[in-house]
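The sequence and the coordinates are shown first, and the description follows.

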2 protein chains.
Amino acid sequence: MAETTPRRRDAAATRQALLEAAARRFTRLGYERTTLRDIAGDVGVNLALIKRYFGSKEGLLKAAMSASPRFGGDGERPWDRTALADALARHLSSDAWPEFDEHPVLMLLRVSGDAQVDGLRRQALLDFGRKVLTAAGHEGDDRLLEAELVVALGVGIAVVRSAVGLQPLRDATAEQLHGPLAAVVDALLP
Amino acid sequence: MAETTPRRRDAAATRQALLEAAARRFTRLGYERTTLRDIAGDVGVNLALIKRYFGSKEGLLKAAMSASPRFGGDGERPWDRTALADALARHLSSDAWPEFDEHPVLMLLRVSGDAQVDGLRRQALLDFGRKVLTAAGHEGDDRLLEAELVVALGVGIAVVRSAVGLQPLRDATAEQLHGPLAAVVDALLP
DNA sequence: TCGACAAGTCATCATATGATTACTTGCGCG
DNA sequence: CGCGCAAGTAATCATATGATGACTTGTCGA
């Protein structure tokens, strides 16, 4: 958690480091249990800087959520039918997130209260559902419920792995998850 | 939330009322955001009583978690294969929990930190997984991963419904859920 | 070189909240 | 009736934490 290079007065780098430390703590501990002091401490910087850059704790949260990676968000190609189960298995396996309590989805859930934050969270999951739907080759909204069940399964896996650490799910590899997940996708969105 | 009958100095009733108010708040808001003052206020009683009966906030949480109903816990008959999807659909539909943020499962998740609490939570989900397994007619542990995926789906549905309120899942009835859930169970535990 | 401005720190405040101890009051039993 | 005890209250403390405004210092351009 301590910084590696002393980071000589570089606002952009400091800002970035704060965002990362914040994301880690919000994800692991949730909003209330992470303190600004701890985040500042992680980065090796003074508490007051957070106010300078993000205005408030809520502001920091929003920034961290906006910067957080999303399911199949970034460089990832649009999924097709077979890639869907694949991507799910990869993102949710212990391979991808050995630190089982740092999965980005968890930040969406551990946090609440502010309406704008709720919006971010909601949008992320809506996007994910939409993505599932098109990956499965359904264009209309007639299978939206089923798509949301796939989303729910993804969320549930992340939660169960992290918050509860249930075996054998906690240590399942992408390969082990792939079969069952493909079966579920086929069953729900044939 | 205010009490209905004035409740004349009845320790048992007061204790019970505290447990219920606590469960509601812990479930909706999580551990940190619920305050002892608010719980005491709900019941119309002084803060110090909580200490008297439960020792501490943690103690109250443990008591509330132990008293909370479980998936297929109480009077419910052991499930068989067909009853499983049925029970899942019922417990997770908007029929059963129109107050979508009061589902008992959520208390398991919103809370963390203490080892003993983690144990309670873990045990509840383990029991649930075991129950799924036997309901599906699998005796050994060879399909434990699949059973846990069913558990994860249940958890995920509750989370998505409550924390995010995603449509159409949020308003799905037991009837609407039954088909897809039965399909998933069949796919995972044939 | 040096001075201005952004980057960063310090000290302090206000408040919410859990804990705790001493007190009061209603109820039932003899 | 009245007394003793459990049920309940009041007042107060300690502390953690977010917010803030005034201060210090490093860096970079002219």
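Helices here are DSSP runs of H or I with at least four residues, strands are runs of E with at least two, and both are numbered from the N terminus. The peptide bond that joins B:Q167 and B:P168 is cis, with omega about 0 degrees.

Chain A has a cis peptide bond from A:Q167 to A:P168, with omega near 0 degrees. A:P168 is found in the loop between α8 (144-164) and α9 of chain A.

## Conventions of the model

Residues are numbered from 1 along each chain as its sequence is written, while chains are lettered from A and ligands numbered from 1 in the order in which they are written. Because the model is predicted, local features need pLDDT of at least 70 and side-chain atom pairs count only at pLDDT 80 or more, whereas totals for chains, interfaces and linings use all residues.

## Chain A

Chain A contains nine helices and zero strands, in the order α-α-α-α-α-α-α-α-α along the sequence. Its C-alpha trace spans about 55 × 35 × 30 Å along the principal axes.

Of the 190 residues in chain A, 42% are buried (20 or more other C-beta atoms within 10 Å of the residue's own, the C-beta atoms being placed from the backbone). Among contacts in chain A between residues at least 6 apart in sequence, 70% join residues at least 24 apart; two residues are in contact if their C-beta atoms, placed from the backbone, lie within 7 Å.

## The two chains together

In the pairing of the chains, 34 residues of chain B are in contact with 34 residues of chain A. On the chain B side, α7 (115-135), α8 (144-164) and α9 (174-188) each supply at least two residues, and the largest share, 15 residues, comes from α8(B). This side of chain B divides into 24 nonpolar, three polar and seven charged residues. Ala, Val, Leu, Ile, Met, Phe, Trp, Tyr, Cys and Pro count as nonpolar, Asp, Glu, Lys and Arg as charged, and the others, Gly among them, as polar.

The same surface serves both copies, as 100% of the contact residues of chain B recur in chain A.

The axes of α9 (residues 174-188) of chain A and α9(B) come within 9 Å and cross at roughly 145 degrees. Axes are lines fitted to C-alpha atoms, for helices over the stretch in contact, and angles run from 0 to 180 degrees between N-to-C directions.

Residues of α9(A) in this contact include A:P180, A:A183 and A:V184, and those of α9(B) include B:P180, B:A183 and B:V184. By class, the contact has 10 nonpolar, no polar and two charged residues.

## The surface near DNA strand D

Around DNA strand D there are 19 residues, of which the closest are A:T35, A:S56, B:A11, B:N46 and B:A48. A residue is near a strand if its C-beta atom, placed from the backbone, lies within 6 Å of it.

From chain A, α2 (36-43) and α3 (47-54), and from chain B, α1 (11-29) and α3 (47-54), each supply at least two residues of this surface. The residues of the surface near DNA strand D divide into eight nonpolar, four polar and seven charged.

Note on methods:
A residue is buried if 20 or more other C-beta atoms lie within 10 Å of its own, exposed if 12 or fewer, and partly exposed in between; C-beta atoms are placed from the backbone.
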